[in-house]
Amino acid sequence: MSTIHIIGAGLAGLSAAVQLARSGAQIVIHEGANQAGGRARSFYDRHLDRLIDNGNHLMLSGNYSVLNFLNLIRAETRLAGPGQAKFDFADLETGDFWSIDFNRGPVPLWVLYQNRRVPGTSMLDYLSGLKLLTAGDRSIASLFGDQGQMYRRFWEPFSVAVLNTAPDVAVARLLLPVIRETLAKGADYSKPLVAKVGLSDTFVDPALKWLSYRKVDVRMGRRISAVEDDGKRVTAIRTGKSKEVLGADDKVVMAVPANIAPTLVSGICAPDRFAPIVNAHFLVEGLDDTKLKSKMIGLVASPAHWLFVRDDIISVTVSAGHDLAGKPAADIAATIWPDIAKICGLDGREIPPVRIIKEHRATFQVTAEQLAKRPKTTTHLNNLVLAGDWTDTGLPATIEGAIRSGVSAAREIIK
Ligand SMILES: Cc1cc2nc3c(=O)[nH]c(=O)nc-3n(C[C@H](O)[C@H](O)[C@H](O)COP(=O)(O)OP(=O)(O)OC[C@H]3O[C@@H](n4cnc5c(N)ncnc54)[C@H](O)[C@@H]3O)c2cc1C
């Protein structure tokens, strides 16, 4: 029987494995780390004495690949959200607090109501979204930068969160597929979703359990150091000194990050400029989260971008945080905490125990040059396919993109 080797057990690799296991294939997963999940993982933090995620991950109810994956691995109840398509925001410069509150159905009636749209914007401002249809390679800032509050309070925070790239260089058109699959379809597709307990509990543990029932051989701590080929097909994979020779019908799904793939196989084109995401997890013992205005708030005019509260942990995300990522953890905490304290009614409180996590290569940068480097699923080698959020999924580098790339890779293999 032929074997399918999957290199990398991030969500793209796990998604490919789940699809392929359904078809009854014999599968081996090789994961370099001692833990699966890649850039979406949880761990026990001794300093905080809490289970935390490497970073806050926000999904939307229109992310159908995420929901299908969770249904397959029987983990559909492990996402949580407010049950409404409502996003709270605070402007730290003006003190304004507001919610964007989407209505059901594709007709955006919410823009007609002052209390459901961004303060300082008019109904007509929302028509600017149509510019995305003909944006070409224009950046977010060049497309929407002259739009006052609509830019400051909507396009800028939305695009930085989704594209993880500074608005002056982020290619705007990559927002289109996201908007089409979520916001443009109305509230049922735009509800925010986060992991209830943690990313590993939602995605990774149930996937591994599901795969173990299907006798998938998952090998942790097995970093692949080379993939050998004869110009037509992959012939062997190496781990340090050991070498596994592939049979004539064996196949490989390479689901490693963009910076690793070209080092394993020559001739693979991949994005090579990345943007960091910084996360700060503050432990506020005794925090009464029922007294907070919201458990998920987007921040405008602040070094912090999004704030999420889970029990007594306030987690803060800073996307495209190039400057912040270069600073020591203590400086990052000191930069972020004053605004967080203000929003959470903890003004004047000293910085609580905190864990700073810098993911220097959180996603590739969404510039025209980088988008042109996203490869297709199939490669020049006939038994090698690619998966990963950086492949040409048509989506930004997100969980939805990663899982969808795994489905595409599995489809190619089965074909
Ligand atoms: C801090 C942060 C916040 C984010 N926020 C969001 C969000 O809010 N919403 C959202 O949708 N997305 C978000 N993302 C993006 C999301 O996490 C990624 O798109 C997704 O996890 C990528 O999955 P992947 O499988 O493509 O890659 P990875 O998760 O990078 O998986 C690749 C795997 O390959 C393994 N590997 C590498 N080299 C080798 C080797 N030589 N041999 C064997 N194995 C190897 C790695 O250990 C890893 O497990 C965020 C990312 C970060 C870092």
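Reader: What makes strand 14 and strand 20 a pair?

Author: A pair needs at least two bridges found by DSSP between the strands. Strand 14 (residues 251–254) and strand 20 have three, in the parallel sense, so they qualify under that cut-off. Valine 252, for instance, has leucine 384 in strand 20 as its bridge partner. Strands here are DSSP runs of E, at least two residues long, numbered from the N terminus. Bear in mind that this is a predicted model, where local features need pLDDT of at least 70, side-chain atom pairs count only at pLDDT 80 or more, and totals for chains, interfaces and linings use all residues. Residues are numbered from 1 along each chain as its sequence is written, and side-chain values use heavy atoms, with hydrogens and water left out.

Reader: Why are strand 10 and strand 20 said to stand at the edges?

Author: The open sheet runs 10-2-1-14-20, with parallel pairing. Strand 10 (217–219) and strand 20 (384–386) each have a single partner strand, so one side of each has no neighbour in the sheet.

Reader: Why is the ligand said to lie between two domains?

Author: Domain 1 (3–44 + 196–272 + 367–414) and domain 3 (274–364) both give residues to its shell, so it lies between them. Those bounds come from an automatic or database assignment.

Terms used:
Helices (H or I, at least four residues) and strands (E, at least two) are DSSP runs, numbered from the N terminus.
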